[in-house]
Amino acid sequence: MDLHFGDSKPTDEERAAIDALLGPAESSWEGAARDEMRASDLRWARGGRAARERRDLLLPGLHAVNDRIGWISEGALDYLCRRLTVPPAEAYGVATFYAMFSVKPRPATVLHVCTDLACAAAGASELCAGVEARLGLGSGVAVERSPCLGLCERAPAALAVRAGDPVRTAVSAPATVERAVLAASAPDSAPEEPSAALAVPQAGDPALMLLGRVGVVDPASLDDYRAHGGYTALRQAFAIGPAGVIREVTDAGLVGRGGAAFPTGRKWQATASQPGHPHYLVCNADESEPGTFKDRVVMEGDPYSLVEAMTIAGYAVGAHKGYLYLRGEYPRALARMEHAIGQARARGLLGDDVLGQGYAFDIEIRRGAGAYICGEETALFNSIEGYRGEPRSKPPFPVEKGLFGRPTAENNVETLVNVLPILTIGAPAYAAIGTGSSTGPKLFCVSGSVERPGIYELPFGATLGELLELAGVRDRLRAVLLGGAAGGFVRPDELDIPLTFEGTREAGTTLGSGVVLAFDDTVPLPRLLLRIAEFFRDESCGQCVPCRVGTVRQEEALHRIVGRTGADAAADITLLREVGRAMKDASICGLGQTAWNAVESAIDRLGAYE
Amino acid sequence: MTVTPLGIPRRLLEFTLDGEPVRAPEGATILDACRSAGKDIPTLCQGDTLAPKNACRVCVVEVEGARTLVPACSRTAEAGMQVRTDTERARHSRKIVLELLASSVDLSTTPEVAGWLKEYEAKPDRFGPDAARLNEEPKVDNDLYVRDYDKCILCYKCVDACGDQWQNTFAISVVGRGFDARIAVEHDAPLTDSACVYCGNCIEVCPTGALSFKSEFDMRAAGTWDESAQTETTTVCAYCGVGCNLTLHVQDNEIVKVTSPHDNPVTHGNLCIKGRFGYQHVQNRD
Ligand SMILES: Cc1cc2nc3c(=O)[nH]c(=O)nc-3n(C[C@H](O)[C@H](O)[C@H](O)COP(=O)(O)O)c2cc1C
Ligand code: SF4
Ligand code: SF4
Ligand code: SF4
Ligand code: FES
Ligand code: FES
């Protein structure tokens with residue numbers, strides 16, 4: 001490579017932030033001061049391949065600077081590039097890809113105020129306006145309108161992030177102007193967030209299989225986890241061996257819970273049987289689908305279950321390293337998972353010799369930085385590797401060429417934790433739950449116009465109406481968004497849809513990631529649709545034309561018809577349909593392919609503009 | 001043809017293209033097969049010297065059994081595949097993609113696109129006068145070449161040519177996201193403050209004229225650019241021993257730009273700054 005660096009220098013603080021991650025620079029070739037001629041400057045041979053292999057530290061490096069300073073200056077970026085032998089233009093392309101980073105100076109404190117669906121229905125626009133009025137110029141706080149923060153059960157939500165050493169965060173949800181301003185101005189003294197169990201209205205119910213420990217165990221205590229059945233599944237896994245685990249998972253009929261509904265056993269089998277090595281396991285905890293917050297609740301309330309499940313999955317697919325890609329907007333889930341992984345490592349449940357069984361496995365956490373697209377599996381690989389989070393075209397598929405070009409199994413958090421009951425109760429008992437092709441328990445993220453929003457665990461096959469009944473559906477229900485922004489709307493007279501993969505498919509909609517967002521008739525539908533379009537326009541990675549430009553043209557058309565109906569809207573609806581069809585057919589990835597689904601369903605099923 | 005190293009002879013596989021059986025060497029793309037069968041499909045981000053990014057999506061075709069359309073430029077042909085290139089579905093997507101592009105960027109210097117717009121009956125105006133456009137001012141910050149990103153379709157060719165596919169200089173990258181994504185150097189600085197070595201290989205591959213010689217840019221602005229009055233002469237670069245082939249584009253007895261033949265097995269259209277831009281001495285007639 002022919003690298004060229006400018007002459008901007010990092011400040012001492014920026015350098016310290018990067019050195020804290022990478023260790024001090026050893027030679028002036030990688031940015032150490034040229035105060036004296038160091039012996040290492042004369043014989044410097046790292047560079048080349050050895051240095052490029054550290055490229056995946058680019059995203060953590062950007063986080064290190066952004067966390068400490070609040071934004072990423074030219075000097076800091078150049079220094080990071082020298083340390084990692086990354087071309088500055090590419091690093092700049094990466095830094096500008098993520099919403100949580102800024103390459104322009106901004107205040108050390110940023111208040112992210114959610115403007116997405118559940119929050120919009122709970123008064124996010126008044127909250128934003130109020131917060132902006134209080135925290136204007138000179139307040140030392142930058143207010144940023146944010147997509148869903150994954151706190152929908154407590155909408156409206158705000159997240160304050162104050163740069164420094166260490167970085168401080170505070171969540172305010174449900175937020176009032178008062179409380180959000182307080183969180184931003186004094187994140188250290190903001191009240192502690194309510195326990196994760198509060199997001200689980202059924203907490204304490206002994207019948208729960210996935211959420212059974214949430215609110216029951218101390219999420220910080222490995223002993224408590226073990227006292228509540230923790231690590232029996234891993235012992236069982238070692239007893240039956242990797243092939244046995246894959247057989248159980250296959251026989252249990254486990255299907256991925258991340259949205260694409262792919263059979264997990266098949267994915268694991270395909271990864272395990274690849275000749276290339278090493279194999280990797282990736283847990284997708286990016287969870288940025290508006291309306292989805294189940295993975296957060298599992299990680300906050302029962303973090304060891306994910307550590308154990310990842311260990312089992314790694315064992316089954318022949319991986320010795322697992323990456324947990326955790327969305328950047330989840331400070332508490334991050335802290336809980338970091339703690340749990342550290343404890344497990346200290347107790348020999350991760351590391352060179354897990355449980356004394358001669359199997360080596362460890363987990364590394366990678367934080368996302370605000371990009372919904374990084375939940376797409378191949379975009380996630382690029383993100384970890386230090387490239388822009390742009391999806392790759394498939395084939396080749398991840399099981400063959402995934403992370404770092406190696407065979408990789410990528411699974412959602414909820415999918416993985418399902419493996420624990422499969423191994424403890426056995427495949428037949430697990431497969432008996434739910435329906436023939438949708439087996440086991442399922443988590444649903446219920447929010448919007450209901451009395452008790454939160455995560456519900458039900459066996460597959462319960463109807464939408466039964467779920468809403470549990471959550472306390474309010475009168476005058478106007479519509480339910482199933483499956484999140486990439487899903488579809490259904491009408492209040494369709495509540496007998498069975499919540500299964502096949503049942504929703506038959507009803508012409510999708511289960512997606514398990515979102516159930518209820519809207520009563522006070523919510524202005526056209527504005528909601530506009531918000532969905534805006535979301536996809538903002539989150540398109542920009543790689544392919546149908547999505548990059550199509551999402552913009554759709555948003556424009558929806559703006560034009562906000563107050564119109566019937567013949568006045570007809571021409572724009574035709575245009576929406578034609579563009580939507582091409583987006584579905586010709587986009588590279590699932591984002592562009594599904595961006596039009598919700599709006600289309602609102603037009604077809606709800607008669608949104610009639 | 002996509003450049004594939006000439007190795008051991010490849011096995012032929014058989015599949016159907018618009019109902020006709022065709023044979024293609026293993027590893028060939030659907031586009032390769034189409035072109036050998038004398039069918040053409042529009043392409044923009046595909047380039048004869050680069051592995052395509054398959055980002056533009058104008059080359060999409062229908063493959064039996066696939067949920068979505070597939071890009072012909074990148075999908076390798078498989079035995080038994082049934083490919084349809086000219087279905088209503090594929091044509092619809094191509095038409096929309098052309099409309100989306102033509103409504104957001106300036107395609108006036110993109111060869112062939114006018115013909116495709118007509119062929120697919122694309123009407124870019126239907127998105128209305130307020131449809132968002134790139135609206136970029138040309139970046140004229142050096143004497144050698146101009147970056148007019150108002151014409152950029154984000155095909156990634158320049159990034160790949162500057163990066164790991166040819167030049168290994170990595171001076172440019174895609175920055176930002178979504179509709180705001182642009183090609184830029186680090187910190188969005190002027191080209192003169194960047195890692196650019198002015199090989200001009202990015203200009204060579206740019207399909208839209210977003211990157212152009214300063215000479216061409218100035219002549220277009222002055223209304224004196226006239227391709228029909230130009231001659232092209234391919235010769236050997238006289239600077240160094242590599243011996244790259246240069247194609248001199250001459251108008252009114254002046255060299256107006258220099259390109260390089262892509263089918264040259266040594267250089268594949270790539271040059272260095274001297275061969276690409278160092279032609280003024282030839283015209284020094286004092
Ligand atoms: C735009 C986009 C965003 C996605 N976001 C997520 C996500 O946040 N979490 C997730 O688990 N899967 C997400 N997915 C699905 C993943 O690509 C992948 O299918 C999934 O993680 C596989 O895990 P599973 O088999 O356990 O479901 C997303 C897909 C797309 C296209
Ligand atoms: S569909 Fe959208 S998000 Fe996916 S690759 Fe294309 S531009 Fe990127
Ligand atoms: S400048 Fe040209 S080559 Fe580069 S991305 Fe834009 S259109 Fe493609
Ligand atoms: S173009 Fe450059 S490398 Fe090629 S022959 Fe001329 S001077 Fe040498
Ligand atoms: S947190 Fe606001 S919509 Fe999810
Ligand atoms: S030419 Fe195939 S996608 Fe661009």
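Biologist: Why is Glu494(A) called buried?

Modeller: Glu494(A) has a relative accessible area of 12%. Buried means under 20%, exposed means over 50%, and partly exposed lies in between (1.4 Å probe, protein chains only). Since 12% is under the 20% cut-off, Glu494(A) counts as buried.

Biologist: What should I know about the model itself?

Modeller: This is a predicted model, in which local features need pLDDT of at least 70 and side-chain atom pairs count only at pLDDT 80 or more, while totals for chains, interfaces and linings use all residues. Residues are numbered from 1 along each chain as its sequence is written, chains are lettered from A and ligands numbered from 1 in the order in which they are written, and side-chain values use heavy atoms, with hydrogens and water left out.

Biologist: What makes Arg491(A) and Glu494(A) a salt bridge?

Modeller: Their closest N and O atoms are 3.6 Å apart. A salt bridge is a side-chain nitrogen of Lys or Arg within 4 Å of a carboxyl oxygen of Asp or Glu, so this pair qualifies. Arg491(A), at 30% relative accessible area, is partly exposed. Side chains of opposite charge can pair when their charged atoms come close.

Biologist: How do you know that Asp538(A) and Arg537(A) meet in a salt bridge?

Modeller: The N to O distance is 2.4 Å, so the pair passes the salt-bridge test. Asp538(A) is partly exposed at 34%, and Arg537(A) is partly exposed at 24%.

Biologist: Which parts of chain B does the pair Lys39(B) and Asp18(B) link?

Modeller: These side chains form a salt bridge, 3.1 Å from N to O. Lys39(B) sits in the loop between helix H1 (30-36) and strand S3 (60-63), and Asp18(B) in the loop between strand S1 (12-17) and strand S2 (20-25), so the pair, 21 residues apart, links distant parts of the chain. Helices (H or I, at least four residues) and strands (E, at least two) are DSSP runs, numbered from the N terminus.

Biologist: Why are Lys39(B) and Asp18(B) called partly exposed?

Modeller: Lys39(B) has 27% relative accessible area and Asp18(B) has 22%. These values fall between the two cut-offs, so each residue is partly exposed.

Biologist: How many salt bridges does the structure hold?

Modeller: Over all chains there are 65. Some join into a network: Glu153(A), Arg154(A), Glu192(A), Glu193(A), Arg296(A), Glu300(A) and Arg332(A) are linked this way.

Biologist: What do the buried residues of H8(A) pack against?

Modeller: Helix H8 of chain A covers residues 124-134, and its buried residues are Ala124(A), Leu127(A), Cys128(A), Gly130(A) and Val131(A). They pack against strand S1 (109-114), helix H7 (117-121), strand S2 (141-146) and helix H9 (177-185) of chain A, where contact means heavy atoms within 4.5 Å.

Biologist: What makes chain B as compact as a globular protein of that length?

Modeller: Chain B has seven helices and twelve strands. Its radius of gyration is 20 Å, close to the 19 Å that the globule rule gives for 286 residues, so chain B is as compact as a globular protein of that length. The radius is taken over C-alpha atoms, and the rule is 2.2 Å times the number of residues to the power 0.38.
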